[in-house]
Amino acid sequence: LLKYRLYKEQDCKSMYSGKEIDHKRLFEKGYVQIDHILPYSRSYDDSQSNKVLVLTNENQDKGNRIPLEYFEAKQHGFSWYEFEQWVKSC
């Protein structure tokens, strides 16, 4: 249920790239993951407000970083500014 709720809240898109999430694959193992925005190991925050739905490869790339650290290290895709605007629109 949480995956579906986040999927709808995020306008059917992965939070870290803005890529469309295929609704037919939403519950397919390994396609998407629920990510802790602030890593649980750093924040101990397991609340829904600290969770987003992302494509699995994006979650693996982000690792144990906060979004700012992740976007500063990225070479393609959303910029930090674009990410901020996307978050505000959700």
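Good morning. The model is a predicted one, in which local features need pLDDT of at least 70 and side-chain atom pairs count only at pLDDT 80 or more, whereas totals for chains, interfaces and linings use all residues. Residues are numbered from 1 along each chain as its sequence is written, and side-chain values use heavy atoms, with hydrogens and water left out.

I begin with the overall fold. The chain has 5 helices and 2 strands. Helices (H or I, at least four residues) and strands (E, at least two) are DSSP runs, numbered from the N terminus. Read from the N terminus, the order of elements is α-β-α-β-α-α-α.

How does the radius of gyration of the chain relate to that of a compact globule? For 90 residues, a compact globule would have a value near 12 Å, and the chain agrees, with 12 Å. The radius of gyration is taken over C-alpha atoms, and the globule rule is 2.2 Å times the number of residues to the power 0.38. Along the principal axes, the C-alpha atoms fill a box of roughly 30 × 30 × 25 Å.

The accessible surface of the chain is about 5700 Å², and 51% of it belongs to carbon and sulfur atoms. Such areas come from the Shrake-Rupley method with a 1.4 Å probe; for residues, only the protein chains shown count as cover. Of the 90 residues, 34% are buried. Here, buried means under 20% relative accessible area, exposed over 50%, and partly exposed in between (1.4 Å probe, protein chains only).

Contacts tell us how the chain folds back on itself. A contact means heavy atoms within 4.5 Å. Among contacts between residues at least 6 apart in sequence, 53% join residues at least 24 apart.

I turn now to the salt bridges. A salt bridge is a side-chain nitrogen of Lys or Arg within 4 Å of a carboxyl oxygen of Asp or Glu. The structure holds 4 of them, and I shall discuss some of these.

Strand β1 itself covers residues 32–36. Beyond its neighbours within four places in sequence, Asp 35 is in contact with Tyr 16, Asn 50, Lys 51, Val 52, Val 54, Asn 59 and Lys 62.

A second example is formed by Arg 42 and Glu 69, whose side chains meet at 2.9 Å, N to O.

Glu 28 is partly exposed at 35% relative accessibility, and Arg 25 is partly exposed at 32%.

Next, the aromatic residues. Rings of Phe, Tyr and Trp (its six-membered ring) pair if their centres lie within 6.5 Å; planes under 30 degrees apart count as stacked, over 60 as edge-to-face and the rest as tilted. The whole structure contains 9 aromatic pairs. Which residues form one aromatic cluster? They are Tyr 16, Tyr 70, Phe 71, Trp 80 and Phe 83.

Finally, consider the loop between α1 and β1, where Asp 11 and Cys 12 are found. Asp 11 has a positive phi of about 60° although it is not a glycine. Cys 12 also has a positive phi, near 65°. Asp 11 is partly exposed, with a relative accessible area of 46%, whereas Cys 12 is buried, with 16%.

Cys 90, in the segment after α5 (80–89), is 79 residues from Asp 11 in sequence and 7.6 Å from Asp 11 in space, C-alpha to C-alpha. Apart from neighbours within four places in sequence, Cys 90 is in contact with Glu 9, Gln 10 and Met 15. At 43% relative accessibility, Cys 90 counts as partly exposed.

Thank you for your attention.
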